[in-house]
Amino acid sequence: MSISFFDTSIEFLKGVGPAKAKLLKSELNITTFGDLLNHFPFRYIDRSRFFTIAEANPDMPYIQLKVQVTGITTVGAKRTKRLVARIKDDTGSMELVWFQGVKWMGDYVKPGGYYVVFGKPSLFNGKLNIVHPEMEIITQESPVISTGLQAVYNTTEKLRPRGLDSRGLWRLMRTMLSQMPAALPETMSENLITKFKLHPLRDALFSVHMPSDFEVLQKAQFRLKFEELFYLQLRLFDQKRTRTEKYKGHKFSVVGNFFNTFYTTRLPFELTGAQKRVIKEIRADMGSGLQMNRMLQGDVGSGKTLVALMCMLIALDNSTQACLMVPTEILASQHFETISQLVSDMGIEVALLTGSTKSAKRKDILSQAADGTLHILIGTHALLEAVVQFDNLGLVIIDEQHRFGVEQRSRLWEKNNMVPHVLVMTATPIPRTLAMTLYGDLDVSVIDEMPPGRKPIQTIHRYEKARIAVFDFLRKEIALGRQVYIVYPLIEESEKMDYNDLMAGFESISRSFPLPQYQVSIVHGRMKAADKEYEMQRFGTGQTHIMVATTVIEVGVNVPNASIMLIESAERFGLSQMHQLRGRVGRGHEQSYCILMTSNKLTNESRERLATMVRTNDGFEIAEADLRLRGPGDLMGTQQSGMLDLRIADLSTDARILQTARIAAEEVITADPLLASKANAPLNRKLKHIWDKKGDWSKIS
């Protein structure tokens, strides 16, 4: 049956063989029939119509012709070598050109032969041609067949010269599908198939590659997308159920002296309604006796750190310790200074542990964490080291958690006999579909309200030609006592990319803002931690007016007096990254500005990103636009999760299917948590197969 069929080596498919099998593995990771079947098309072309050469024009996206080859010539040598074929039909003639795979195509295309030609018409020196067309020979044994909707597949430059362009992959798919068993065991339950009117599995797999029409294609796509997203959600719900049953949490029944003293006498400003709501949600979790696994989302500057501290005080009130892990030393140092100042004279011991912590100090911190005299430990990846042990760790908070891999984070929970409560925080707003997919097993709290008194940041796009005017504006702001960030995408000049780099920028800024009137700091990722800290301190205390930096300042840096964020080569940055950088200003009571400097030539996508930044300060709107433009794989380091290897579903366009699949998965797991019923046997088998491939991370976020 199907197991042996789908596990068959691709080498044994007619038209492949050992050499092409090796290429398919290295280029597309296709090793079996099943891998090829799951190499889904990314679009479809209507190939039911044939045109004539007389109808061809360069404005057409593609054209399909039935022609005879009248001659073939190799032109040039070495790098300029190309193959030119002349073709004709009853209405005229034109040329076909190949710059790659010249030898292979020269053997395949014969003068006098008849072919189906498919490609994009273009003009060169006033003459029509088609560059790198798809070719299919017409013979009595292999007459031309109108294929209707034809699937288009991703391929590579190494595969095309070997006949494995999109059309070549389609031919392999057609051969394989002709051998597919007549019946396949279902991977969905009968209840779900009936309720959602799902195509049978075999029909869906066949029709997504060889659709007879658009209606059939849509039904096949819905079946396969629904199934993919359903199992992703079912796995998340099963993961949450397993964690809840397996891992009991500390029961924080007391809200005591530490929390109440801070709340009544130490709050730096009145909590917003959103902060109060979030703290209440977290308190309820930590008091339930079950392990908390909650995500806290909040836009830059919304007050997540204060919420985190108040949750740590609840942990302390219940005789446990807390730790806060962050991705950079700059951010760790800033959290340490902020929290130490807020809880000073409260009898709370706070320590900072990073890669730069001196040996003697490190030894003291490790000793105090192990014997319980240290209450709060703040640090970077250094917290993950095996030597870091706690007496009774009750709460783990991870800031900018997407920067840590799952396996890394899991080491923190193993430092305690009882699994601690977990709060993961992010200042990167997460699109709803991505949150449901990546973090669907977590409870989510959102701080959707900014502290009072802050003015919205004004964002402006300026081209390079406006640099003199922009620098004049910077001088006026500095004269008013403000400070300025100038951020560059690169540290050193790259020959391949025509962008301003940090070092050249620093020299230019130093010339435009000369000493002694203007003091300039510089910070980048290659500096020693002590040097970065020194420069940050100088800027933070107002000793320098301008901070020239790379994105090392993207998160955590808090200088209320800084009113301008100038992003150089802004077209080089993603939306979420620009939004993070913008959040470094607007922290005081004065009007703040974000200036996006770009070259004069921009792609349409760059223009859309910049227009989005200018239009809105809403982080969630920006995140949705970023998902649409870049796709989920490039956002937030999601490649670490292992969850987003989606083969056919698209989170930026399939939100409705995802929501439907999530509701269905929740209903199934609620009614039958162990999937033990006979009706759910197909679901149980498939889910176990997924767990075997992915591994069990049920106790971590």
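**View 1. Helices α19 and α20 make a right-handed crossing.** This is a predicted model, and the close-up zooms in on the spot where α19, covering residues 575-582, meets α20, covering residues 604-615. Their axes come within 10 Å and cross at roughly 35°. On the α19 side, look for L575, M578, H579 and R582; their partners on α20 are R609, L610, T612 and M613. Sorted by class, the residues of this contact come out as four nonpolar, two polar and two charged.

**View 2. Helix α8 packs against helix α22.** Here α8 spans residues 214-246 and α22 spans residues 655-671. The axes sit 8 Å apart, at an angle of about 50°, so the two helices count as oblique to each other. This crossing is right-handed. From α8, the contact takes in F222, K225, F226, L229, F230, Q233, L234, F237 and D238. Facing them from α22 are I657, L658, T660, A661, R662, A664, A665, E666, V668 and I669. Class by class, that makes 13 nonpolar residues, two polar ones and four charged ones.

How values were computed: Residues numbered from 1 in each chain as written. Predicted model: local features only at pLDDT ≥ 70, side-chain atom pairs only at ≥ 80, totals over all residues. Heavy atoms only, no water. Axes fitted to C-alpha atoms, helices over the stretch in contact; angles between N-to-C directions. Helix = DSSP H or I, 4+ residues; strand = E, 2+ residues; numbered from the N terminus. Left-handed = near helix turned anticlockwise from the far one by under 90°. Contact = heavy atoms within 4.5 Å. Nonpolar A, V, L, I, M, F, W, Y, C, P; charged D, E, K, R; others polar. Parallel < 35°, antiparallel > 145°, perpendicular 65-115°, else oblique.
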